[in-house]
Amino acid sequence: MSTARREGLVYGLGALHAAARGDRMMWALHRAALSNGIVPVIPAVTVAEGYRTEARSDRIGELLAGTEVEPFSDEAARRSGEIAARCDTSDLSVVAVVEVAERRNCAVVAQRQAVLRTAASLLGHELVLYAV
Amino acid sequence: MVTKRSVSLDDEVASSVEEAAKQDGVSFSAWLSSAAEKQLRVRQGLRGVAAWEGETGSLSAEEVAAGEALLARLRSGVSGVASRVRRR
C-alpha cells in the first residue's frame, strides 16, 4: 500500500537485533541510507533496551556509529506515555519509535508487532514498516 | 562550548545556506554546524559498516543494490518484509 514519501528511517529494537545477528539486508539498508546522506534515527529508550537485551554490543556500537540517537525529551516522553496507556502496553521502546516516525516523517525498521500499528493509528500516522 | 573558525564559502552556497537557515529558524552558524555534524555521522556510520564487513565479509554488489532498492521503496511509502539476499 503506497502512502506519502518518507524523509528518513527510524530504527526499532528489531533493527538492533537484526544488525547484531549479522542480518545482511539490514546492513545493506543501513549502508544505503548513509550513502544517500540519510542518518537513521533511534530513540534513546530503544538504545537502552538494545543494550539490555542484546549480547553483541560491539555490533550495536557499529550500527549506532551511523545513527542519531534522539534524546527522550519532555514532550516525547509525555506523548509516548499517553500513547502507551491507550495501547495498553508497557513497551515504551516501541511506542517511542512510532512517536519519532510520526513527528519526523520516517519509515520504521523494526519487528512486526501489533502495537506498532495501534500506536500509529492513535497518532493518525500511516506506518511504513520494514519488518525485520 | 563553541569554537570560532573563519571559513570561506562559495557565494552561491553561502546564500543557499542563509536561506535554508532562515527557513529552519536557526542561525547561519547553527545550520552549518548541524550540516557538518550530519556529514560526520555519515562518515562514522560508513566506517561502522566497513568494520562489520571486516568481520563478516563485504556486501556484494547484489546486496548493495538490494539495500538501495529497499531504501527507495521505504522512502516512497511502501512497506516491506525481510527477505534474504543471496551472498556471493
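Strand S1 (residues 8–11) and strand S4 (residues 106–110) of chain A run parallel to each other, paired over 4 bridges; two strands count as paired if DSSP finds at least two bridges between them. Strands here are DSSP runs of E with at least two residues, helices are runs of H or I with at least four, and both are numbered from the N terminus. Within this pairing, Val10(A) has Val108(A) of S4(A) as its bridge partner. This is a predicted model, in which local features need pLDDT of at least 70 and side-chain atom pairs count only at pLDDT 80 or more, while totals for chains, interfaces and linings use all residues.

Buried stands for under 20% relative accessible area, exposed for over 50%, and partly exposed for what falls in between, using a 1.4 Å probe and protein chains only.

Next, have a look at two loops of chain A. The one between helix H5 (74–87) and helix H6 (92–104) holds Asp88(A), which has a positive phi of about 55 degrees although it is not a glycine. Asp88(A) counts as exposed because its relative accessibility is 71%. Further along, Asn105(A) sits in the loop between H6 and S4 of chain A, and it too is a non-glycine residue with a positive phi, near 55 degrees. With 22% relative accessibility, Asn105(A) counts as partly exposed.

Now turn to chain B. Its secondary structure consists of 3 helices and 1 strand, in the order α-α-α-β along the sequence. The radius of gyration of chain B is 19 Å, well over the 12 Å that the globule rule gives for 88 residues, so the chain is more spread out than a compact globule. That radius is taken over C-alpha atoms, and the rule is 2.2 Å times the number of residues to the power 0.38. Along its principal axes, the C-alpha trace of chain B spans about 50 × 30 × 25 Å. Of its 88 residues, 24% count as buried.

Residues are numbered from 1 along each chain as its sequence is written, chains are lettered from A in the order in which they are written, and side-chain values use heavy atoms, leaving out hydrogens and water.
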